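Trainee: Could you help me learn to read aromatic rings in a protein model? I am new to this one.

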Amino acid sequence: MEMLGYEFMQRAFWAGGLIGIIGPLLGVYLMLRRQVLMADTLSHVSLAGVALGSVLQLSPALSGFAVAVTGGVVIEQLRRSYRTYSELPVAIIMTSGLALAVVLMSLKMNLSKSFSSYLFGSIVAVSDTQLKLIAAVAAAGLIYFIVFRRPLYSLTFDEETARIGGVHTGLLSFSFAVLTGMTVAAAMPVVGVLLVSALIVLPASIALRIASGFTAAIVISVGVGLIGVFSGLTASYYINTPPGGTIALILLIFLLIAIAVQKLAAFNYRRRI
C-alpha cells in the first residue's frame with residue numbers, strides 16, 4: 001500500500017497495533033470491575049503531567065506517563081478509603097487533574113498549540129521514543145495478564161472470594177492500577193486525552209455484548225480494537241481526517257452495528273417461538 005511507504009505511517013501502524021492489543025484487553029477487565037471511568041480519569045490526569053513536564057522543561061511524554069501511573073495508585077488508595085462510595089475517588093482525581101492542568105497551562109502561554117496533539121492525538125507524529133515506550137507498555141501488559149491471569153480473574157469477579165482463596169488482592173489491585181495508568185499514558189499519542197477511553201472501552205463493550213465467555217470476550221475485544229485502529233488510520237490517511245477521532249468513530253459504528261444485529265437476532269428468535 002502507498003501509505004506504508006512512509007516511515008511515519010509505519011510507526012503509526014505499529015503504535016496503533018500495540019495499543020489496539022493491550023487497550024481493549026485492559027478494557028474488558030475495567031468493565032467487569034465497574035471501573036470504566038478510571039481510563040478517562042487517568043487520561044485527564046496525564047494531561048496535567050504533560051503540562052508539568054513542559055513547565056519544568058522535562059519530556060512531556062515521560063512526565064505525563066509518570067503522573068498517570070501515580071494517579072492510578074492514588075485512585076486505588078482512595079477506593080479503599082471510600083469503599084461505600086466507589087465512584088468518589090474517580091471524581092476527586094479527575095477534577096484535581098483538570099484543575100492542575102489548567103493552572104500549569106496558564107504558567108506557560110505557548111503550550112496551546114502543542115497541547116492539541118495531546119488532546120486529540122497525533123499518531124502520525126509518533127516518535128521513535130514514543131513507539132519504544134508504547135512497545136514496552138504493551139509487552140509489560142501482556143506479560144502481566146499472562147502471569148496473573150488466574151488471580152486477576154478471581155479478583156475481577158469476586159474480590160472477597162479471591163482474598164479468602166489466598167490472592168493478595170491489595171497488591172494485585174495496586175499493580176492493576178499502575179498498568180492502567182501506563183496504558184492510558186501510552187495510548188495518548190494514538191487517540192489523545194479526550195478519546196483514549198474510547199479505544200479502551202468501546203471494543204470491550206462490543207465483546208461483552210456478543211461473547212459467550214470470558215476468553216471469547218478477550219479475543220473479540222482485541223480483534224475489534226485492531227480492526228478499528230487499522231481501518232481508522234487508513235481512512236484518516238485517504239480522507240484527511242484526525243486519526244484519533246476517526247478511530248473512535250469507527251469503533252462507535254462497530255458498537256452500534258453489534259447492538260442492532262443483536263436486537264435483530266433477538267426479534268427473529270421471538271418470532272419463531
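Trainee: Which residues form one aromatic cluster here?

Mentor: In this predicted model, the cluster is made up of Y29, Y144, F145, F148, Y153, F157, F176 and F214. Rings of Phe, Tyr and Trp (its six-membered ring) pair if their centres lie within 6.5 Å; planes under 30 degrees apart count as stacked, over 60 as edge-to-face and the rest as tilted. The structure holds 10 such pairs.

Trainee: How do I read a single pair?

Mentor: Two values describe a pair of aromatic rings: the distance of the centres and the angle of the planes. For Y29 and F214 the centres are 5.4 Å apart and the planes at 75°, so this pair is edge-to-face. Y29 sits in helix α1 (residues 7-32) and F214 in helix α11 (residues 214-239), 185 residues apart; helices are DSSP runs of H or I, at least four residues, numbered from the N terminus.

Trainee: Is Y29 buried or exposed?

Mentor: Buried, with a relative accessible area of 4%. Buried means under 20%, exposed over 50%, partly exposed in between (1.4 Å probe, protein chains only).

Trainee: What about the rings of Y237 and Y238?

Mentor: Their centres lie 5.0 Å apart with planes at 90°, so they are edge-to-face. Y237 is partly exposed at 25% relative accessibility, and Y238 is partly exposed at 48%.

Trainee: Anything to know about the numbering and the values?

Mentor: Residues are numbered from 1 along each chain as its sequence is written, and side-chain values use heavy atoms, without hydrogens or water. Local features need pLDDT of at least 70 and side-chain atom pairs count only at pLDDT 80 or more, while totals for chains, interfaces and linings use all residues.

Technical notes: Helices (H or I, at least four residues) and strands (E, at least two) are DSSP runs, numbered from the N terminus.
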